[in-house]
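Here is a short tour of a two-part model, written to be read with the viewer open.

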Amino acid sequence: MSPRSANSTASAAPVESRPVRVDSNAVETIDLGRVEVIRVLDEKGRVVDASVEPDLPDAELLRIYRGMVRSRRFDQRMLAMQRQGEMGTFAPGLGQEATQIGQVYPMRPSDWYSPSYRSIGAQVWRGWTMEQLLLLWAGYFEGFAIPEVANELPFSIVIGSHVPVATGVAMGIKVRKDDAVVVTNFGDGASSQGVVAEAFNFAAVYKAPIVFIVESNGWAISTPLEKQSGNTVLAARGVGFGIPAVRVDGNDVLGMIAACSRAIDHARGGGGPYLVEAVTYRMSLHTTADDPKVYRKDDEVKAWEGKCPILRFESYLKSRELLDDDAIAQINEEIEAEVIAARDRFRELAVARPEEIFDFVYEQLPEELREQKAEYLERLKRKGVQ
Amino acid sequence: MPQLTMVEALNLALGESMAADDRVCIMGEDVGVNGGVFRVTKGLLERFGADRVLDTPLAEDSIIGTAVGMAVYGLKPVAEIQFSGFTMQAFDQIEQNMARLRNRSRSRYPISMVMRAPYGGGIRAVEHHSESREAYWAHTPGLKVVIPSGPRNARALLAASIADPDPVVFYEPKAVYRAFREEVSESPETMEIGKAQIVRPGGDVTLIGYGAMMRPVLEAADDLVEEHGIDVEVIDLLSIKPMDTETLVESVSRTGRCVVVHEGPRMCGIAAEIIARLNEHAFEYLLAPIRRVTGFDIHFPYFQVEKHYLPDSDSIVVAVKETMQWT
Ligand SMILES: Cc1ncc(C[n+]2csc(CCOP(=O)(O)OP(=O)(O)O)c2C)c(N)n1
Ligand SMILES: [Mg+2]
């Protein structure tokens with residue numbers, strides 16, 4: 001399950017979406033190019049564009065499939081646990097499995113990943129254990145421990161606020177002349193935040209090795225994309241900043257891998273930032289505190305059911321005879337067992353540690369905070385907590 | 001008279017203000033079709049239309065910045081920030097424009113607007129959804145800062161804030177949103193901003209709180225009276241800025257003892273300001289050092305342990321009893 005490099009997937013397609021560099025004094029009509037769209041599989045899982053189809057060994061294709069299934073099964077389990085009161089508020093990723101796995105698949109462990117909150121499946125791929133993520137979303141601070149196996153930043157809750165930080169990491173990579181890249185994701189809603197635009201500009205000016213993934217899933221809580229942005233083609237933002245950009249069918253995992261591999265190779269090769277707009281759909285609730293019935297029509301959701309990223313990839317794998325119904329059932333069973341085992345480990349680990357809330361705020365607790373901590377521990381003792 | 005939750009009472013005040021004054025507009029993330037994530041603006045889009053109830057893009061700095069612009073143009077925007085943690089995104093526009101455009105235009109452009117936001121802990125929320133940073137806005141010249149504690153004063157104070165000619169930061173204790181119901185009068189009701197209320201008269205010690213802390217404060221007061229025979233006077237601050245120094249000083253001059261409670265961090269918190277004022281104006285009456293029971297100077301902890309972090313009636317009782325020991 002550990003992430004590994006898959007550079008070989010870079011497609012040979014020409015980079016058409018690279019913005020045209022023009023003379024800064026030009027006063028003639030300027031053609032800034034067009035937005036390229038990548039799609040390998042159609043909704044039935046048929047290859048529609050073999051020119052960008054990643055050339056992956058069978059075992060890798062199955063590993064990707066399992067990653068998507070794990071993402072979904074884990075999500076469903078969390079939702080059930082949340083409904084039973086075992087989990088806090090969280091944001092389900094249902095329907096975005098291809099976008100998620102496709103963006104992390106081409107990364108190396110040494111690359112940096114800076115996700116938003118709706119990235120639980122991708123985090124599992126990157127090496128976060130499921131029990132740790134359960135701890136995190138159940139409100140246990142231990143869940144925040146950064147796993148050792150890859151370069152991870154904590155997921156972001158404050159919309160867009162991580163994007164400049166991710167950009168700064170990429171600038172650091174450039175300063176140190178390392179060959180890592182940063183991948184960061186955020187939503188269509190986040191694209192409205194000023195800092196996201198500012199980060200685009202910094203990345204472009206410093207040619208920082210970062211891939212911006214905007215997961216355009218139709219909604220930001222109750223706000224539809226059309227009310228979020230005057231131009232709903234978010235990849236078009238790239239040209240304004242001098243950042244090459246591509247739009248991809250985010251429910252096509254092979255399309256995602258093709259686009260993200262290209263973007264990552266571009267950044268690693270010194271080309272600077274790249275913007276990938278993944279067109280997908282938030283099938284579930286915004287968060288478990290949300291009721292989408294108030295603001296969106298069931299028909300819309302129904303229409304997207306036909307575009308399910310997992311079914312689509314399944315059809316493709318079946319057509320390549322890598323999968324049949326028995327194998328699908330078996331994989332689902334195995335993964336369900338993994339999820340249940342993680343849940344059981346979580347239940348053992350889920351012990352609150354109220355005494356440690358002072359311990360990570362500073363390198364060394366200042367004297368005045370030591371006094372506050374003593375006061376707090378006294379309170380815990382009175383309550384019989386310690 | 002209807003029994004309303006704070007959410008319903010706020011909704012009532014918004015509807016009444018919009019009906020009475022067509023300059024009043026509402027704007028924010030998810031405030032229209034969705035009626036707000038806490039349903040405070042429910043039904044207002046249907047009643048007043050999309051010109052006056054604006055679902056905005058996800059950008060707090062521009063929500064406040066454009067609200068300021070609309071106020072310049074003579075409208076009275078009530079901008080909702082979904083959680084007070086995200087007022088940080090708008091810090092620039094609050095500080096540079098909302099708070100000072102009146103002064104910078106020598107009062108040609110009064111900024112009559114309200115920034116509403118739910119604040120505070122206690123609802124088992126994820127990070128950044130539990131903060132109490134009212135002290136930031138108290139520190140900013142040009143703003144008023146109002147924090148109700150129950151449905152009835154929430155309705156009256158929101159009406160007053162919307163009517164106010166100056167920009168008001170209106171922080172709503174989300175832990176109280178649906179916690180209890182209270183009788184709210186049929187006809188519109190308002191309250192003067194800048195006045196504290198003595199909600200329980202007493203003679204031994206003054207206990208000062210506001211917002212969501214009024215519940216543990218009152219619980220502690222009951223306990224102190226019933227179990228310990230200490231006659232506590234309780235003050236609900238209601239308005240952080242301007243602050244009702246007179247009521248505070250009058251009370252502490254009588255009791256000689258005082259404990260201040262808030263959930264925000266201690267350093268430079270509202271309690272520090274209250275204590276400074278009492279030192280300035282009631283020093284000669286003090287029988288004991290003034291104690292504060294507040295949040296600690298650390299990040300709001302993750303929700304499994306938030307109940308230990310938040311001041312509770314037990315820690316307030318302990319502080320009051322310590323204060324009483326001075327003779
Ligand atoms: C700065 C900020 N403002 C508001 C919120 C509340 N909020 C949480 S998620 C969300 C919508 C985000 O939409 P989008 O960026 O499209 O991501 P998605 O939820 O669709 O994955 C909002 C408004 C927040 N977390 N941070
Ligand atoms: Mg979205």
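## The magnesium site

Along the sequence, the residues that donate to the magnesium ion (ligand 2) follow the spacing D-x28-N-x1-W. A:D188 lies in the loop between strand 4 (182-187) and helix 6 (194-206) of chain A, and A:W219 in strand 6 (residues 219-220) of chain A, so this pair ties together parts that are 31 residues apart in sequence. Please keep in mind that this is a predicted model.

The coordinating atoms are OD of A:D188, OD1 of A:N217 and O of A:W219, at 2.1 Å from the magnesium ion (ligand 2). Are A:D188 and A:W219 buried or exposed? Both A:D188 and A:W219 are buried.

## Chain A as a whole

Chain A is built from 13 helices and nine strands. Its radius of gyration is 22 Å, close to the 21 Å that the globule rule gives for 386 residues, so chain A is as compact as a globular protein of that length. Along the principal axes, its C-alpha trace spans about 75 × 60 × 45 Å.

Of the 386 residues in chain A, 56% are buried. The accessible surface of chain A is about 16,300 Å², and carbon and sulfur atoms account for 52% of that area. If you take the contacts in chain A between residues at least 6 apart in sequence, 74% join residues at least 24 apart.

## Helix 11 of chain A

Helix 11 of chain A (residues 309-319) has these buried residues: A:P309, A:I310, A:R312, A:F313, A:E314, A:Y316 and A:L317. What covers them? The cover includes helix 1 (58-83), helix 2 (97-104), strand 8 (245-249), helix 9 (253-268) and helix 12 (325-349) of chain A.

Look just past the end of helix 11 of chain A and you will find A:E321, which takes a positive phi of about 60°.

## Chain B as a whole

Chain B has 12 helices and 14 strands. With a radius of gyration of 20 Å, close to the 20 Å that the globule rule gives for 327 residues, chain B is as compact as a globular protein of that length. The C-alpha trace of chain B spans about 60 × 40 × 40 Å along its principal axes.

Buried residues account for 61% of the 327 residues in chain B. The chain exposes about 12,400 Å², with 51% supplied by carbon and sulfur atoms. Among the contacts in chain B between residues at least 6 apart in sequence, 82% join residues at least 24 apart.

The domain assignment of chain B gives domain 1 (3-183) and domain 2 (197-324). Taken over C-alpha atoms, their centres are separated by 26 Å. Where the two meet, 34 residues of domain 1 of chain B are in contact with 23 residues of domain 2 of chain B.

In soluble globular proteins, nonpolar side chains tend to be buried together. The largest nonpolar core here has 78 residues, and those with the most contacts inside it are B:I64, B:M98, B:L237, B:I274 and B:L278. Domain 1 (3-183) and domain 2 (197-324) of chain B both give residues to this core, so it lies between them. A second, separate core has 73 residues, including A:L41, A:V211, A:C260 and A:L322.

Beyond its neighbours within four places in sequence, B:L237 is in contact with B:K195, B:A196, B:I208, B:G209, B:Y210, B:M243, B:L248, B:I270 and B:I274. B:L238 sits in the loop between strand 11 (232-236) and strand 12 of chain B. Phi of B:L238 is positive, near 65°, and this residue is buried, with a relative accessible area of 1%.

Most residues other than glycine have a negative phi, and most peptide bonds are trans. The peptide bond from B:K241 to B:P242 is cis, with omega near 0°; B:P242 belongs to the loop between strand 12 (239-241) and helix 9 (245-255) of chain B. B:D30 also has a positive phi, near 65°, and is found in the loop between strand 2 (24-28) and helix 2 (44-48) of chain B. B:D30 counts as buried, at 2% relative accessibility.

Technical notes
Residues numbered from 1 in each chain as written. Chains lettered and ligands numbered in written order. Predicted model: local features only at pLDDT ≥ 70, side-chain atom pairs only at ≥ 80, totals over all residues. Heavy atoms only, no water. Donors = N, O, S within 2.8 Å, 3.2 Å for Na, K, Ca; no water. Helix = DSSP H or I, 4+ residues; strand = E, 2+ residues; numbered from the N terminus. Buried < 20%, exposed > 50% of the residue type's maximum accessible area, 1.4 Å probe, protein only. Rg over C-alpha atoms; globule rule 2.2 N^0.38 Å. Contact = heavy atoms within 4.5 Å. Areas by Shrake-Rupley, 256 points an atom, 1.4 Å probe, with all protein chains shown as cover. Core = buried A, V, L, I, M, F, W, Y, C linked by side-chain atoms within 4.5 Å. Domains from an automatic or database assignment.
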